[in-house]
2 protein chains.
Amino acid sequence: MLSQIDEEMRRRHVQALMILGETTLADPNLTYVVGGTLARGGVYFKRVGHKPLLVTSILDLGTAEKWGRVKQVETYSEWGLEKLVRKYGREEAYPRLLSEICRKNGVNGKVTLYGRNDLALGTYLIDKLRRFNVNVSVDKSPSILESARETKDIHEIEKLRSVARKNGHVIETTTKTLGSLKRKRGRLALKGKRATIGMIKSMISSELAAEGLGAPEGVIFAIGASSADPHNAGNPNYEVKEGKLIVFDIFPQAESGYWSDITRTYIIGRASKEDKQLYDTVYEAQEVAMDWIRTGISGEQVMSKACDVIERRGYRTIRDVFQGKTTGISDGFIHSLGHGVGLTIGERPNLSFLSKQPLKTGQIVTVEPGVYLSGYGGVRIEDTVLITKSGIDILASVDKEFEIT
Amino acid sequence: MLSQIDEEMRRRHVQALMILGETTLADPNLTYVVGGTLARGGVYFKRVGHKPLLVTSILDLGTAEKWGRVKQVETYSEWGLEKLVRKYGREEAYPRLLSEICRKNGVNGKVTLYGRNDLALGTYLIDKLRRFNVNVSVDKSPSILESARETKDIHEIEKLRSVARKNGHVIETTTKTLGSLKRKRGRLALKGKRATIGMIKSMISSELAAEGLGAPEGVIFAIGASSADPHNAGNPNYEVKEGKLIVFDIFPQAESGYWSDITRTYIIGRASKEDKQLYDTVYEAQEVAMDWIRTGISGEQVMSKACDVIERRGYRTIRDVFQGKTTGISDGFIHSLGHGVGLTIGERPNLSFLSKQPLKTGQIVTVEPGVYLSGYGGVRIEDTVLITKSGIDILASVDKEFEIT
């Protein structure tokens with residue numbers, strides 16, 4: 001939560017932090033502190049125990065004031081950027097401006113930097129700032145911002161719940177459409193034409209738009225053998241057919257910047273006994289994991305419980321890799337159980353064998369076991385849940401229907 | 001162009017470059033070299049004069065091979081990431097992996113880093129890599145990648161033309177809808193309800209989705225006084241009314257990662273004499289700028305020509321700030337004339353008073369003069385053009401209709 005920043009700064013003996021970027025696009029730390037997006041980004045400056053300052057372009061002044069999270073908003077021009085450009089050139093003007101902000105705010109101790117920027121700029125800035133006597137220090141992961149963002153406040157939880165519900169509507173509409181496709185000898189038709197993944201995806205895009213959501217990372221709608229590759233988005237030219245595993249993983253973002261992440265696996269028509277076993281395994285792994293998740297348990301412990309289920313059913317899991325039995329597996333449960341969701345689609349905390357920290361109330365994570373058989377297909381079931389003191393609260397209740405009959 | 005990377009490396013005496021990130025989302029440099037998006041990103045390594053290597057997650061292996069731009073794709077596991085994690089912990093494993101890639105490829109000279117990453121990770125990586133004897137060097141702006149990306153090859157031009165055309169369709173459909181709104185005493189109705197910006201934007205979103213485009217940065221549809229703030233996206237609750245200036249700036253991104261950027265200014269109904277003067281000024285400024293743009297002229301020269309027109313018509317321009325006459329202006333032509341468009345919506349080259357370099361054939365830029373009157377409204381007209389030897393080629397021809405009568 002935003003209110004934890006001072007505490008996290010004190011714990012690391014950081015005197016000031018700066019979050020900077022020329023856009024807030026996909027820059028969760030900058031979006032987080034500003035309260036929304038700024039087309040041209042800005043510089044957020046915070047001295048420990050003091051109120052923050054935001055320096056931005058005159059073009060974004062109105063927007064920054066509208067978000068209202070930072071009360072003190074000033075422009076680059078007010079900080080003399082043009083003068084610095086004339087004197088030192090465009091490139092050096094920027095680190096000079098940053099060091100000026102530190103100096104005028106009486107900062108002489110540790111300063112940490114954040115904001116998604118290209119490392120070419122990063123290398124230049126860090127070296128220059130140090131030359132200008134700014135004590136740029138390393139903030140190891142989890143950084144102050146990652147730590148603050150890891151638990152969500154009630155406003156964030158409401159935003160995340162809202163995206164999840166809208167996402168749930170899109171999934172249910174899609175499921176209904178899949179169920180209504182005309183079937184003829186295993187082939188499916190939509191509005192008189194052979195149904196392709198491309199057509200279904202285009203329908204999903206319109207549904208997302210109608211809910212006010214975008215999908216900057218795409219949508220996974222993979223059929224048959226493609227579904228065995230967890231990140232195969234699905235070939236738009238492939239036909240949607242009966243009796244094939246379909247992994248539908250949809251992770252849209254709302255204008256608020258918050259994401260949702262839900263996966264359903266279907267078969268249109270009847271599933272084979274093998275497919276049912278695969279599905280039941282993943283379903284049970286998710287149920288067991290959800291039963292275990294609560295404040296205080298570690299991601300590793302939950303991951304372990306999910307692997308127990310999947311291994312007992314005869315499939316391999318990535319535990320073999322962590323135990324050094326093999327260097328990699330391509331079949332079975334080949335990824336981790338879940339990840340945090342917020343202003344990014346993958347953030348702390350994780351539910352993996354590397355997650356030793358106890359989970360905390362207010363964290364929001366995906367629970368997404370999957371089992372994949374190369375050349376055949378895969379099953380993944382995913383929901384996003386809020387961690388509470390005694391268990392979990394699923395952000396959106398979305399039907400789990402395996403066979404669309 | 002991608003083929004210029006070796007030349008740019010040699011010119012800067014860089015022995016190797018690495019582009020890294022945990023996602024390609026909004027990471028144009030990584031997307032550029034990979035040829036598409038990878039959900040979990042990767043490490044792109046290139047030694048000067050050698051073919052590149054891409055190290056990625058097993059989950060993205062299939063996708064990386066599908067893009068096909070890098071022939072040699074290997075996994076983190078093959079590079080022993082898990083072993084490094086067990087030995088050194090999760091955090092230190094990553095810079096160790098990177099230094100291992102440099103070592104195994106015989107790199108002992110200058111190495112430059114790229115890829116959009118949070119500066120907290122950046123600071124850590126740069127310090128660690130230097131400790132592991134990787135000679136991390138500054139690549140000042142324009143970086144190797146910025147320089148390569150600045151001119152587009154024919155495949156990129158085709159992708160950019162395709163986005164621009166689709167964007168043009170969306171604009172024309174929107175204009176048609178605006179023209180068809182039922183009018184009654186200055187008020188407008190859509191499907192029997194009072195037309196609001198929110199309703200128009202929702203229609204625009206659906207049109208974008210139907211064209212396979214997304215708008216991760218939003219859409220500007222600002223009316224009346226709001227249109228005087230170039231980055232005011234428009235309040236969804238405001239009514240769309242007759243006789244008010246409407247700035248409609250739409251900058252969608254295609255799945256290919258490429259963007260389009262076009263702005264039209266309208267008035268529904270009849271424009272006042274003042275509004276017409278404002279519009280004609282901006283229209284003429286754009287025409288004059290487009291007449292001047294060609295290979296060899298500088299962005300500054302073109303900006304200057306646009307300012308000449310606008311000042312002659314009695315409005316202020318940002319030239320006053322660059323000439324030191326004032327520290328900032330809030331009315332008139334308050335921004336620069338244009339910017340490059342490609343895998344980002346704002347990249348090199350710029351058409352501003354700071355742009356001394358001659359423009360090159362194959363660059364793609366916006367031409368977008370605007371004049372704004374605080375508290376009243378603004379006019380901006382923008383097209384995206386390809387710079388050719390003798391002039392320009394407008395990527396998409398889109399109607400310029402000021403009065404929607």
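Here are some exercises with worked solutions on the two-chain model above.

**Before you start**

This is a predicted model, in which local features need pLDDT of at least 70, side-chain atom pairs count only at pLDDT 80 or more, and totals for chains, interfaces and linings use all residues. Residues are numbered from 1 along each chain as its sequence is written, while chains are lettered from A and ligands numbered from 1 in the order in which they are written.

**Exercise 1. Find out what confidence the predictor gives to chain A and to the complex.**

Step 1. Start with pLDDT, the predictor's confidence in each residue, from 0 to 100. Chain A averages 95, and 100% of the residues score at least 70.

Step 2. Turn to the complex: the predictor gives an ipTM of 0.82 and a pTM of 0.83.

**Exercise 2. Describe the overall build of chain A.**

Step 1. Count the elements. Chain A has 12 helices and 23 strands; helices (H or I, at least four residues) and strands (E, at least two) are DSSP runs, numbered from the N terminus.

Step 2. Check the dimensions. Along the principal axes, the C-alpha atoms of chain A fill a box of roughly 75 × 50 × 35 Å. A compact globule of 405 residues would have a radius of gyration near 22 Å, and the 24 Å of chain A agrees with that. This radius is taken over C-alpha atoms, and the globule rule is 2.2 Å times the number of residues to the power 0.38.

Step 3. Divide the chain. The assignment gives domain 1 (2-148) and domain 2 (151-404) of chain A; such bounds come from an automatic or database domain assignment. The C-alpha centres of these two domains lie 36 Å apart.

Step 4. Look at where the domains meet. Domain 1 of chain A gives 6 residues to the contact and domain 2 of chain A gives 4 residues, where contact requires C-beta atoms, placed from the backbone, to lie within 7 Å. On the domain 1 side, helix α2 (residues 28-34) of chain A gives the most, with 3 residues.

**Exercise 3. Work out how chain A and chain B meet.**

Step 1. Take the totals: 56 residues of chain A are in contact with 55 residues of chain B.

Step 2. Find the contributors. Among the elements of chain A that give two or more residues to this side are α3 (61-67), α5 (90-104) and α9 (197-210). The largest share, 7 residues, comes from α6(A).

Step 3. Sort by class. The side of chain A that touches chain B has 23 nonpolar, 21 polar and 12 charged residues. Here Ala, Val, Leu, Ile, Met, Phe, Trp, Tyr, Cys and Pro count as nonpolar, Asp, Glu, Lys and Arg as charged, and the others, Gly among them, as polar.

Step 4. Follow the strands across. Strand β6(A) is joined by 3 bridges to strand β6 (residues 116-118) of chain B, and the two run antiparallel. Two strands pair if DSSP finds at least two bridges between them. A:Asp118 stands opposite B:Arg116 in β6(B).

**Exercise 4. Identify the symmetry that relates the two chains.**

Step 1. Superpose the copies by least squares on the C-alpha atoms of residues with pLDDT of at least 70 in both. A rotation of 180° with 0.0 Å of shift along its axis places chain A on chain B, with RMSD 0.0 Å.

Step 2. Name the relation: it is that of a two-fold axis.

Step 3. Compare the contact surfaces. The same surface serves both copies, as 98% of the contact residues of chain A recur in chain B.

**Exercise 5. Trace the sheet β8-β9-β10 in chain A.**

Step 1. Read the order: 3 strands form an open sheet, β8-β9-β10 (chain A), with antiparallel pairing.

Step 2. Locate the edges. These are β8 (182-184) and β10 (193-194) of chain A, each pairing on one side only.

Step 3. Pick a pair. Between β8(A) and strand β9 (residues 187-190) of chain A there are 3 bridges, and A:Lys184 has A:Arg187 in β9(A) as its bridge partner.

**Exercise 6. Locate backbone exceptions in chain B.**

Step 1. Recall the background: most residues other than glycine have a negative phi, and most peptide bonds are trans.

Step 2. Find the cis bonds. One joins B:Ser141 and B:Pro142, with omega about -5°; B:Pro142 is in the loop between β7 (135-136) and α7 (144-150) of chain B. Another runs from B:Arg348 to B:Pro349, with omega near -5°, and B:Pro349 lies in strand β17 (residues 347-351) of chain B.

Step 3. Check phi. B:Asn133 has a positive value near 65° and is found in the loop between α6 (119-131) and β7 of chain B.

Note on methods:
Two residues are in contact if their C-beta atoms, placed from the backbone, lie within 7 Å.
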